[in-house]
Amino acid sequence: MQLEKSIIEETNHQQQAAHQRKFDFVAEDINGLDTILKKLEDFNIAIPSWALGTGGTRFGRFSGGGEPRSLEEKIEDVGLIHALNRSSNSISLHIPWDIPSNAAAVKAHAAQLGLHFDAVNSNTFQDQASQELSYKFGSLHHVDKAVRKQAVAHNIEVIKYGVELDSKALSVWLSDGSNFPGQLNMRGAFERTLESLQEIYEALPADWKVWVEYKPYEPNFYSTTIGDWGQSYLLSSKLGNKAQTLVDLGHHLQGANIEQIVSLLLMEGKLAGFHFNDSKYGDDDLTVGSINPYQLFLIFNELVEGMDARGMNHATAIGWMIDASHNVKDPIEDLIQSVEAIKIAYAQALLVDTPALVQAQQNNDVVQAQEILQHAYRTDVRPLLAEARLRAGGALDPLALYRKQAVRNQLIAERGAKAVSTGL
Ligand code: PSV
Ligand code: MN
Ligand code: MN
């Protein structure tokens, strides 16, 4: 299904007066308002194809119904989100959960909804029925050269799919690791991973990047071969300019200062981009901003400051993507909330009075520095986001409109109450 533009316009019209009141109130105190609104309009966050269905946990999965049954329907769902928020103009595919067998048709379908393809993701953390050798003991780090070869070949195949779709990056997350001390020679595992990644790197087209994701544990619970940003950075440095480190917010041990990691990776030109989500305990994959929105703001504060210092285009210089899972929410509603949370943090970071902060830091005025950050963080920027959406042709209140139109019920009617999406 698609949402008629006239429905969005009509609803916006009904909400216009209330919006204007809230917008005028906040806009009055903002310097460079139009520049900020333009930046918000330009800022898009990619939607992962695997987040359009119910994720569940290893204890169970409770589908809400109407999930996309094919790649075409996944693209349709992202099209719906983008029509509502005008901020989700790309989709990231995970191979082989998604197989774009007719790339030209898939691309045309996406383009018709204003979408393109973000990074393509390889999958060597599961065994597929068609596959000869098992990844039970790892893939790119495996002790058996034949398994490594199979995993390298899969990654090269994923690049080929991506080329056909005009993607520009391969995203690699490995579950490779060990469950018990003694199981693995860690240096050997790292060296074999590097060697395998070098073979994949060689297959990258000139204008492509490989994004190396890290994660401390799960499914391996003693060591993970690319377990933290240092290990990923080491690999991406050894690989070369086309390799960078991908930061998934859920892939840190509790208390990690993610904003500091981000700031330094950016400084070194090694920040590939993000998998946004939120967490309380581990890789919880919860709605962005649902647990720790202040951390998200602090990350964006480092990003905006660091990107401006290096003259980078906020919208396009790195990869912006969500990586989430939904146990109890409608996936589309969750994704709308996540995009909103990311843009709120971005807008707040744009409001930081940078010259005043530099001055406070120079004077070691700790109180003033905190005041400056928290003044921006405590500003209600939601009317700015709504205004940017309005200007871009989206809905003033995407979630409310999604509910008012009973989109999920329409999807259930179309696809069935038991329709289940592919993914984890
Ligand atoms: C692993 O936890 C991860 O964050 C990687 O990005 C995977 O590709 C994704 O989740 C799969 O669900
Ligand atoms: Mn991830
Ligand atoms: Mn994860």
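Colleague: What pLDDT does the protein chain average, and how many of the residues score at least 70?

Modeller: This is a predicted model. The protein chain averages a pLDDT of 97, and 100% of the residues score at least 70. For the model as a whole, ipTM is 0.99 and pTM is 0.98.

Colleague: Why is D334 called buried?

Modeller: The cut-off for buried is 20 or more other C-beta atoms within 10 Å. D334 has 24 C-beta neighbours inside 10 Å, so D334 counts as buried. This residue is found in helix α10.

Colleague: Leaving aside the neighbours within four places in sequence, what is D334 in contact with?

Modeller: With T287, A324, H326 and K329. A contact here requires C-beta atoms within 7 Å.

Colleague: Why does E414 count as exposed?

Modeller: Exposed means 12 or fewer such neighbours. E414 has 12 C-beta neighbours inside 10 Å, and therefore counts as exposed. The residue sits in helix α15 (residues 407-415). From E414 to S92 the C-alpha to C-alpha distance is 24 Å, for 322 residues in sequence.

Colleague: How many residues does the largest nonpolar core have, and which have the most contacts inside it?

Modeller: The largest nonpolar core has 107 residues, and V210 and A347 are those with the most contacts inside it. Helix α10 (residues 331-350) gives the most to this core, with 12 residues. Apart from its neighbours within four places in sequence, A347 is in contact with I36, L40, V381, L384 and L385.

Colleague: Which strands form the open sheet of six, and in what order?

Modeller: The order is β4-β5-β7-β9-β10-β11, with parallel pairing.

Colleague: Why do β4 and β11 stand at the edges?

Modeller: β4 (120-121) and β11 (319-322) each have a single partner strand, so one side of each is left without a neighbour in the sheet. Helix α7 (residues 229-239) packs on this sheet, touching β7 (209-213) and β9, and its direction makes about 160° with that of β9.

Colleague: How do you know that β9 and β10 pair?

Modeller: Pairing requires at least two bridges between the strands. Four bridges join β9 (residues 243-248) to β10 (residues 271-276), and the two run parallel. Along this pair, T245 stands opposite L271, and L246 stands opposite G273. L246 is also the bridge partner of E213. β7 and β9 likewise pair in the parallel sense, over four bridges.

Colleague: What makes β9 largely enclosed?

Modeller: Six of the six residues of β9 are buried, so this strand is largely enclosed by the rest of the structure.

Colleague: What joins β10 to β11, and in which sense do they run?

Modeller: Four bridges join them, and the strands run parallel. One bridge pairs F274 with W320 in β11.

Colleague: Which way do the residues of β11 point, and are they buried or exposed?

Modeller: G319 and M321 point one way from β11, W320 and I322 point the other way, and all are buried. In a regular strand, side chains alternate between the two faces of the sheet.

Colleague: Why are the buried residues of α8 said to line one face of the helix?

Modeller: The buried residues of α8 (residues 258-267) are I258, I261, V262, L265 and L266. Seen down the axis of α8, these fall within an arc of 125°, so they line one face of the helix. Their cover includes α7, β9, β10 and α9 (293-309). After α8 comes G269, with a positive phi near 70°.

Colleague: What order do the strands of the three-stranded open sheet have?

Modeller: The order is β1-β2-β3, and the pairing is parallel. β1 (47-48) and β3 (116-117) stand at the edges with a single partner strand each, so one side of each is left without a neighbour in the sheet.

Colleague: What makes β1 and β2 a pair?

Modeller: The requirement is at least two bridges. β1 and β2 (residues 90-92) have two bridges, in the parallel sense. I47 stands opposite I91 in β2.

Methods:
Residues numbered from 1 in each chain as written. Chains lettered and ligands numbered in written order. Predicted model: local features only at pLDDT ≥ 70, side-chain atom pairs only at ≥ 80, totals over all residues. Core = buried A, V, L, I, M, F, W, Y, C linked by C-beta atoms within 7 Å. Contact = placed C-beta atoms within 7 Å. pLDDT = per-residue confidence, 0-100. Axes fitted to C-alpha atoms, helices over the stretch in contact; angles between N-to-C directions. Arc of directions from axis to C-beta.
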